[in-house]
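Biologist: I'd like to go through the labels on this model and hear what backs each one up. Can you show it to me?

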Amino acid sequence: EGIELVRREFLRKLEQFGLSVISARGEKFDPNKHEATAQIETAEHPEDTVVDEFQKGYFIHDRLLRPAKVSVAKPPHPQKD
């Protein structure tokens, strides 16, 4: 509980200096703030939608500090019979 309290306070202080976390999961892939590390064949998500987030990304004010590393949905290949 103490560690979580320190973590939250640290993140709050960083936000005061302009740091913001990039939201990724479930959003449309944006190469200006996401770095695609994998493509996942799935029919559950629309094409070019972020399926999973491997590493959080950050902005400092309006400047990209680090892109979020994500996997992106692509349509499945049709099965050949």
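Predicted model: local features only at pLDDT ≥ 70, side-chain atom pairs only at ≥ 80, totals over all residues.

Biologist: What makes Ala 24, Val 50, Ala 68, Val 70 and Val 72 a nonpolar core?

Modeller: A nonpolar core is a set of buried Ala, Val, Leu, Ile, Met, Phe, Trp, Tyr and Cys residues joined through side-chain atoms within 4.5 Å, and buried means under 20% relative accessible area (1.4 Å probe, protein chains only). These five residues form the largest such core. Strand β6 (residues 68-74) supplies three of them, the largest share; strands are DSSP runs of E, at least two residues, numbered from the N terminus.

Biologist: How do you know that β2 and β6 pair?

Modeller: Two strands pair if DSSP finds at least two bridges between them. β2 and β6 have seven, in the parallel sense, so they count as paired. Gln 39, for instance, stands opposite Val 72 in β6.

Biologist: Why are β2 (34-41) and β3 (50-55) called edge strands?

Modeller: The open sheet runs β2-β6-β3, with mixed pairing. β2 and β3 each pair on one side only, so they are its edges.

Biologist: What joins β1 to β4?

Modeller: Four bridges, running antiparallel, with β4 covering residues 57-60. Ile 22 has Gly 57 as its bridge partner in β4.

Note on methods
Residues numbered from 1 in each chain as written. Heavy atoms only, no water. Buried < 20%, exposed > 50% of the residue type's maximum accessible area, 1.4 Å probe, protein only.
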